[in-house]
Amino acid sequence: MSEPLSVAVVGFGVMGRHHANVYAALPGVDLVAVVEPDAIRRSAAAELYGCATFADLEGLLAAGRMDAASVASPTSTHHALTSRLLSSGIHVLVEKPVATQVSEARGLAALSRRHGVVMQVGHITRFYKAVQQLRREVRRPYLIEARRLTPTARIRDVGVILDLMIHDIDIVLGLVDSPVADVSVAGHALNGTPFEDVAAAQITFANGCIARFLASRVAPDAERSLVVAEAERTYRLDFGPPRDLRGQPAAQGTRALPGADPALGGADRYARGRPALADPRDRSDPAAAASCPTAAGGPRGLSHVARGALAGVR
Ligand SMILES: NC(=O)c1ccc[n+]([C@@H]2O[C@H](COP(=O)([O-])OP(=O)(O)OC[C@H]3O[C@@H](n4cnc5c(N)ncnc54)[C@H](O)[C@@H]3O)[C@@H](O)[C@H]2O)c1
């Protein structure tokens, strides 16, 4: 029998606990250590898993070898911690977003190739069964609308685009088989940090498909939904509680799919078969017309922070 894979978790907050729980339960895996600057969380990890704990990554690296590590620390620390691990020959599962700058993300990918180790980014929503089913069924969408709203502004070191909208951008880029032609975005920073708390963005693809995104962490209610319109039918995916976009009980024909991650938002719902929406290329449709940028060009809008966050989409 082969040796178990030895794994460490770096950052033992909300997501780090999920990573640690899974590693502790996986056959063939040894959770050997947790790195966490907060002493109370370190004690909790030691008690829960009986593993070694360290206040910083250097302590872990000095103490011995491991095969792989999860990085689940605040986003602003991902680049430094992941670089250090990859350069030490350790495979890394780094939580999304991989870094705060596109250049840093590319640098990490290059580093993983140079050292012959795997770097995987924790885009967990990509693996929801409903999302995978969408990827199998969707052929040529012409309009996509993604809403990801929450009242909780817990994460303060990046804006809502890198924190929340990134999930929808990742899903949409996996659904539309066409290069990005245009990006526009506007946002507002409302919580006293330089980072946007609400953002509205639009990606127009070369094949004409329009994807509209709304993300907020200052919303009165939580909502996570994705609507994908094709000529033949419209798909609706509700990541949240079982209600449809108008807050009514889910429409007949909606079915819950297995594979939802309760920790990340409960039911993973999916519906299809509704009549197609209006053609977005028809400027007489106000909703479609409002969504159409007037000219091709780079990201534009009110918030330079938001613009920067979308810079990697092209
Ligand atoms: N995949 C998903 O769906 C998903 C969901 C939520 C959060 N995330 C991502 O996971 C990351 C962590 O988010 P969270 O909600 O768990 O945050 P959190 O604040 O709950 O946890 C972060 C932990 O990292 C610790 N930490 C800080 N600096 C550190 C360092 N230098 N080394 C090691 N640990 C350090 C903090 O003390 C804290 O315990 C973020 O990048 C976030 O975007 C991903």
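Select the ligand and then the 26 residues around it, among which Gly11, Gly13, Met15, Ser73 and Glu95 come nearest; a residue belongs to these surroundings if its C-beta atom, placed from the backbone, lies within 6 Å of the molecule. The model is a predicted one, in which local features need pLDDT of at least 70 and side-chain atom pairs count only at pLDDT 80 or more, while totals for chains, interfaces and linings use all residues. Residue numbers start from 1 along each chain as its sequence is written.

Colour the shell around the ligand by class and you will find 13 nonpolar, 7 polar and 6 charged residues, where Ala, Val, Leu, Ile, Met, Phe, Trp, Tyr, Cys and Pro count as nonpolar, Asp, Glu, Lys and Arg as charged, and the others, Gly among them, as polar. Now colour domain 1 (5-122) and domain 2 (125-309): because both give residues to the shell, the ligand lies between them. These bounds come from an automatic or database domain assignment.

Next, select helix α1, which gives the most to the shell around the ligand, with 3 residues; helices (H or I, at least four residues) and strands (E, at least two) are DSSP runs, numbered from the N terminus. Its 12 residues, 14-25, should span 16 Å at 1.5 Å a residue, and the end C-alpha atoms are 17 Å apart, which agrees; the expected span is 1.5 Å times one less than the number of residues.

Which residues of α1 are buried? They are Met15, Gly16, His19, Ala20 and Tyr23, a residue being buried if 20 or more other C-beta atoms lie within 10 Å of its own, exposed if 12 or fewer, and partly exposed in between, with C-beta atoms placed from the backbone. To see what covers the buried residues, show elements including β1 (5-10), β2 (29-35) and α2 (39-49).

Finally, move to methionine 165 in helix α7 (residues 160-175), which is buried, with 27 other C-beta atoms within 10 Å. Leaving aside residues up to four places away in sequence, methionine 165 touches Arg148, Val160, Ala199, Ala201, Phe213 and Ala215, contact meaning that the C-beta atoms, placed from the backbone, lie within 7 Å.

Methods: Contact = placed C-beta atoms within 7 Å.
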